[in-house]
Amino acid sequence: MAKLLAVTIIIIAIGSAIPIVGHYWEAPANVSTHGHLIDDQMSDTMVETGICFLVSQIILAVFIWKYANRGREHRIGRLPGGALGLVILAFLVVGSEVIALGVLGTHAWAEVYFKPPGPNAMPVQVQAGQFAFYFRYPGPDGVFGPIHPDMISEATENFFGLDTTHDAASKDDIVTAEMDIPINREIHLLMHSKDLGHSFFVPAMRIQQDFVPGLDLSLHFTADKIGRYEIVCTQLCGLGHYNMKAYLSVLSPDDFDKWLKQEAALQ
Amino acid sequence: MHNMPADPTLHHAPPQGFIRKYIFSIDHKVIGKQYYALGLVAVVTGMVLSWIMRVHLGWTNARIPGVGFFTPAGAPGGLMTPELYLQIMTMHATLMVFFVLTVAPFAAYGNFFLPIQVGAEDMPFPHINMMSFWVTLVAFCVLVSSFFVGDGPTLAGWTSYAPLSAVGAAAGPGQGTGQVLWAVSIAIFCVGQLLGSLNFIPTTLDLRAKGMTFSRMPYTVWAWFITSLMGLTAFAVLMPACVLLILDHVAGTSFFVASNLVVNDQLVPHAGGSTLLWQHLFWFFGHPEVYIAIVPGMGIVSHVLSTNLRRPLLSYKVVIGSMLTIAFLSYMVYGHHMFVSGMNPVSSLAFSFPTLIITIPATIIVLIWLGSIYKSRLRINSASLFALGFISMFISGGISGFFLAQPTIDIMLHATYFVVGHFHLVMAVAAIFGIFAGTYFWFPKMFGRMLDERLGKIHFWLTFVGAYCIFMPFHYLGFAANVRRYQAFVDDYTVHLIPVHRFITIAALATGAAQFIFLYNIIHSRFWGKPAPENPWEATSLEWTIPSPPPFDNFGGKHPIVTHDAYQYGVDGPDGKDYVMQDAPEGIAPQAPAES
Amino acid sequence: MKSYYQRRFAALGASIAVICIAGVMLSQRVRAASDGSIKGTVKLDGTAPHMRGIDMSKDPYCVKANAGHPVHLQLVEVGNGNGLENVVLYISQGLSSAESAQKPTSVPVFDQKNCMYTPHVIAMDVGQDYKVITSDQTTHNIHPEPNPMTGNIPWNRSQPPGAAPIVTNWKAEEVAIPVKCNIHPWMHGYFVVVKGPYATTDDNGNYTIENVPPGNYTVTAWQETYGTQAQKVTVGAGQAATLDFTFKAK
Amino acid sequence: MPVDVREATKSIAIPRLGASGHDRPPRLNANDGRLRTLQEGSPPPSSTAIWVGIAAISMTFAALTSAMIVRQGSGMDWQRLSLPNILFLNTVILIASSVTLEMFRHKWSPAGKAPAPSDPTTLWLYVTVVLGVFFVAGQYIAWKKLQAEGLYLASNPSSSFFYLLTAAHAVHVLGGLGGLLYIAARLRRATLYTSTLNVATKYWHFMDVLWVYLLVLLWAKL
């Protein structure tokens, strides 16, 4: 029984590691300029914790194998180093990991959150609501028209509550259901929620940020691969949460201008 | 037995009549059993709910028999609607976290064994103790009732994030009555647990038998004591939070609802509330709650393990110290649930470090367990198997915490199935293994009958392997950025993961079914199991010095005098035993564990 | 002995059945041959405003379903000769309570097809059952939000692909109850709940209100964008009165 | 070495009086009805429990305080409201009630002889109860005053928190009143444990402290 348990634990430990080592299921490949920092951090953590995981499970298994069902003839032994040794070990191993991961990790975090967006970052506004994202581009004047919550109406597709008859700035705003961005151009994403808590998660872009009703938050990122990627909501927002999606298309600058003109025509 | 002569006056007289004996009982042992029964009912309900969820996730358009019968609106013809999935998910989580993981290891075992292990006749305030159970039961009934009123229970998840939980029915099915009932139920539950702490803490501090110094208390006593301290602070914060939520619902206040929200094309009347306020209040409770669920498990495992290793753990003080450190740190780490919540990124880092550091005491405890197995005389029985399983699970689940403790990585893993896998392993499965270990260890004492060891071992193997089959794949899904709380995976990058979900579903159904072996075992053994001796496991602590089941006043009017610490194993004890009872006569001076 | 009771039960059952049937027949106001009707056309004066196209890209299924024919808003839909579609006409004055109390036995159907509501507007009588069905392979939720003052209860339920129809009705008169799908925010329609005979205009703005007893009435036309208009009309026994409406484009 | 419980407890135990008598004055029972566990020097559990309760209540109000501060910072809609003056009178009443309760308890120190229910000193207890009732009534008047100004629970976050905090406190005071009435009942019927009295007094004083804290908080924040 004990030996079986030992073997089982080892099989489980190694078995659990296989899909990770073999990269069976992976997140969409990174297409952002900052993503590699996160990926590196991830793989570092994976290596360090993976080793700890395997070693500790195997030790558990070996000890069970060796010391189970020993009779009175065997004397109780004491682990060399004793408890103090283990405490020191824990501080050394975990402490070093904490420093390695914690301190190095802040670098990547700072890259994403502490560095302000560049001066010529392209502003795009995103509004989350049950259960869709809508995007707004400022248009030629580069200014977003004011939002009138009382005018928000999905029935008339006035998702942002714009008053195009009175607000000059709103007249040329371009509202879209899909987010298209030019490649290698920094995007400054201005986020607000129309109703509830939502979240803006683009796995391929390695960005995730909650929408907090009443707060205007922002993100900035740069895409470096042309393609069409998914934007999903990761904050439970109601029955349609699972289907709260949008698409993020990274286009060449020319295609992007073409697309923007098309959308402008549709307004 | 070496005990005091009979005490002239009992703390309170033995109750007469069925009602006072078994229903409105003030006997801590009966109350403990009542809590245990409540936990069983809740865990079975929660498990069935999880089955429904799993089947739906694996085969989204499958018609699930029976579900349509219970909620014709939620599942027309057994075809699950998104709202029903989320409602079931919410109820599964709420039942499991509050009414299983808090009730079973803490309230149930704590009530039964805390007074016995410190050598007391009963809790100091038996009526308050009785109230704490009945209040908790009311909370349970209120929660379950939400299945049957309006358009069902809330779908806001067990975290009930505002404003989804605060703007009312327009936000979705169950957000009206269902959400209010949820908040009411949790508020009541908090009261129940506070009443519990009111008994646990004085029992530990004031009712210890002569000679039962702090350094002689069993690990479990410490665990329950620490847990009740945590519960005291955590539940005292969650309760007002729930009151605020209820007021936002029924009284039109705006604590959590921000201005100018437009829900379903209707402008919400509230204004100026703070969305993050709820998250802060909730997680200030929420993270300690995780340890409220797991610390008693640690205590039970340490207790069961040292008995079955036939040796004391390497260091008593270090284990207790680590538990205290964990409890202390657990209040500084809650922010790691909110890394991407729009909280100031600096505070995210501030929360990240204690979160990483809290793994040090946890690691120390695990290492002590491992190191204590070294050159021990490990006995294999159902209890020790589950204790060892706990260690394995705790390692796996604890280590994945390293990912989530880092804001950087959390960008990718937040709200994915990685989180689900992590907290199920470290909190749910580990805690449940602790409960199982406790049951197989203490059942003889609680009911005076032995459990069937063979069935116990079968139960262990199916549960151990099954749990890994269920929860390890969750981590892979998480790495593939599979978002949690989705009722289906349609036309997106997660479609190729559906086979993994199906595997998990099958594993979940099988493992769940295996739990009925356990149910059969406890029910059958309760009535037809072979009678339990006083001390079947050759254990040393006080609960093993009295008959099984214990008499009404635990020590038959006597008062134990404790002369040894709780873990005198592997020593040359009296008449050839390898252990010394805690209340053995002073004369017996056991040798320290012999070195080899 | 036994047979005796059986006979008694049989007799009892029979009599109950008879009473029920009688009751049902009496409750139905028998349609008089003298009933007339109101017919006519609703036109738009001026050019219809531009209807924004709908971008369904959030749900690939909807995009596929509508591949080829672009969809647009349905706030104002005009057919041949500027006929206004989706206008609901009903008798707002002149019906006796008995006449307005009777309700048709037909069941209007509100279909969710290609991520749009077809028809965009359905009219129904107070207490008349209507049916919500889905022809889509994606899940919709139906979320009507009546005015709380009217006493109609808002509801919100989902229909996964292949779900059974939802059959229900409205307790109180209300013009008009907006209904939407939150999962597909562009999906938007109306339930118009009236008392007495009603009609909805077809693609070219033509309508016919059947079964109108002879008398003088006020007929009201409702259009989601342009609001309501009312006109008086006299219906002779067995005759079809004609009544045209014209809405001004803003 | 077996120890006789009677021996061990004799020193502190005064024989408990049965539920018998109106005729005879109830005695103090320093034994407090606690379990005899012979763990020397451990206080009666109730005196630990009351601190546990006080800790829980403090946590609750701490949570509400932080909620109030966060809420005040989050919205632009916070209107200052002027506290009804009666609150200050109520404060005086509540503190006075604590003093009277002390007067009562002072006469009941375990050493002292237990007076009969007819004894004038027991009047202090009833005075305390009456003052407590006055306090709650005074709070009620304060709410009425605000409502007269058109400030209801949902009118403004400041008024919301005012009603919430004062009501929460009032509920706890009512609980304390219940405790005092229980003591009054014990006085007439059976034995009164010193610990019960001490606990009730601690709780009642805590109500003062809590109220003064709330008053300062409301005065500073609202």
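1. Let's start where chains A and B meet: 91 residues of chain B and 91 residues of chain A take part in the contact (two residues are in contact if their C-beta atoms, placed from the backbone, lie within 7 Å). On the chain B side, H11(B) is the top contributor, with 10 residues. Other elements giving two or more residues there include helix H4 (82-118), helix H8 (275-309) and helix H15 (453-479) of chain B (helices are DSSP runs of H or I, at least four residues, numbered from the N terminus). By class, this side has 61 nonpolar, 21 polar and 9 charged residues (Ala, Val, Leu, Ile, Met, Phe, Trp, Tyr, Cys and Pro count as nonpolar, Asp, Glu, Lys and Arg as charged, and the others, Gly among them, as polar).

2. A word on the model: it is predicted, local features need pLDDT of at least 70, side-chain atom pairs count only at pLDDT 80 or more, and totals for chains, interfaces and linings use all residues. Residues are numbered from 1 along each chain as its sequence is written, and chains are lettered from A and ligands numbered from 1 in the order in which they are written.

3. Chain B has a mean pLDDT of 91, with 96% of its residues at 70 or more (pLDDT is the predictor's confidence in each residue, from 0 to 100). Over residues 1-10 of chain B, though, pLDDT stays under 50. Where pLDDT is low, the predicted coordinates should not be read in detail.

4. Chain C also touches chain A, with 17 residues in contact with 17 residues of chain A. The chain C side has 6 nonpolar, 6 polar and 5 charged residues.
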